[in-house]
Amino acid sequence: MNWNIETGKQISIILSIIVMLLMVIKHRKTGKENLFFIIGYLLFSLIDIFCYFYYDLTNLPTDIFYVIGFLMIVFFLYLFYYHQLLYVPLLKKIQTIILALFVLNIAVMFSTEDDLLHHFSFNMLYVDILLLLFSIILFLYQTFNSDKILEIKSYLPFWIAVALLIFFIGSIPILFFRTTVSETIYFFILFMLNLISNGILILGLIWNKQEKIR
């Protein structure tokens, strides 16, 4: 399979920059309800870009940036984003429990894994992904049982949910079998997932319509 891994990474960086610029340009229309996701996305993209050039220049490990920035801060922002979006009392309570489980997961990983800050924990990542997927399911359940379904195309949180679902559901198998597949296939699949999810985010940002302030 002829696939240039570095080219794929560079294209992914360009896509992330395009999405970030679009978020900045359309910040007045995205609304406060999407603020925590936007901050999380910006943080993760900036970490990813920084680590790409940092490793290229120094050849030093970047695990600590991903562990703290991505596994802890970004996922917390994403989970809190859904806590903010949920307004059905029972669903919001469940999301509060999910947030508590997220904090508990961090505590457990620190106590069971050696030198967590300098070693990227895939176990921690799997739990984070599962908690996020449960959060998205709660949000979609609420959305499809509300009037939002009538204006779904212009409802940015829906497209954010779809983008996250595709990226993380798609990434679970390839992450799990990362040691048994070739590096080329591994990075190609991640690139395609990144391409699709960012493409959905771009469409969501373009189609989004800000609700009038009541």
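These legends go with a set of close-up views of one predicted model. The model is predicted, so local features need pLDDT of at least 70 and side-chain atom pairs count only at pLDDT 80 or more, while totals for chains, interfaces and linings use all residues. Residues are numbered from 1 along each chain as its sequence is written, and side-chain values use heavy atoms, with hydrogens and water left out.

View 1. The chain has eight helices and zero strands, and from the N terminus on the elements run α-α-α-α-α-α-α-α. Helices (H or I, at least four residues) and strands (E, at least two) are DSSP runs, numbered from the N terminus. The radius of gyration is 18 Å, close to the 17 Å that the globule rule gives for 214 residues, so the chain is as compact as a globular protein of that length. That radius is taken over C-alpha atoms, and the rule is 2.2 Å times the number of residues to the power 0.38. Along its principal axes, the C-alpha trace spans about 55 × 40 × 30 Å. Of contacts between residues at least 6 apart in sequence, 72% join residues at least 24 apart; a contact here means heavy atoms within 4.5 Å.

**View 2. Inside the largest nonpolar core.** Buried residues make up 47% of the 214 in the chain, where buried means under 20% relative accessible area, exposed over 50%, and partly exposed in between (1.4 Å probe, protein chains only). The largest nonpolar core has 67 residues, and Phe-37, Phe-70, Tyr-82 and Phe-168 have the most contacts inside it. Such a core is a set of buried Ala, Val, Leu, Ile, Met, Phe, Trp, Tyr and Cys residues joined through side-chain atoms within 4.5 Å. Among the elements giving it two or more residues are α1 (5-25), α3 (35-58) and α8 (183-207), but the largest share, 13 residues, comes from α7. Zoom in on Phe-70 and you find it touching Phe-44, Ile-47, Phe-65, Phe-75, Phe-120, Leu-125 and Phe-168, not counting residues up to four places away in sequence.

**View 3. A loop residue tucked in at Thr-62.** Thr-62 sits in the loop between α3 and α4. At 12% relative accessibility, Thr-62 counts as buried. Leaving out residues up to four places away in sequence, Thr-62 touches Cys-51, Tyr-54 and Tyr-55.

**View 4. A nonpolar patch on the surface.** Tyr-87, Val-88, Leu-90 and Ile-94 make up this patch, with about 370 Å² of accessible area together. Patches take residues with over 30% relative accessible area and no salt bridge, joining like charges within 9 Å and nonpolar side chains (Val, Leu, Ile, Met, Phe, Trp, Tyr) within 5 Å. Areas come from the Shrake-Rupley method with a 1.4 Å probe; for residues, only the protein chains shown count as cover. Ile-94 lies in helix α5 and is partly exposed at 32% relative accessible area.

**View 5. Two salt bridges.** A search of the whole structure turns up two of them, each a side-chain nitrogen of Lys or Arg within 4 Å of a carboxyl oxygen of Asp or Glu. Lys-9 pairs with Glu-6 at 3.9 Å, N to O, and both lie in helix α1, three residues apart, about one turn of the helix. Glu-151 meets Lys-148 at 3.6 Å, N to O. In this second pair, Glu-151 is partly exposed at 37%, whereas Lys-148 is buried at 18%.
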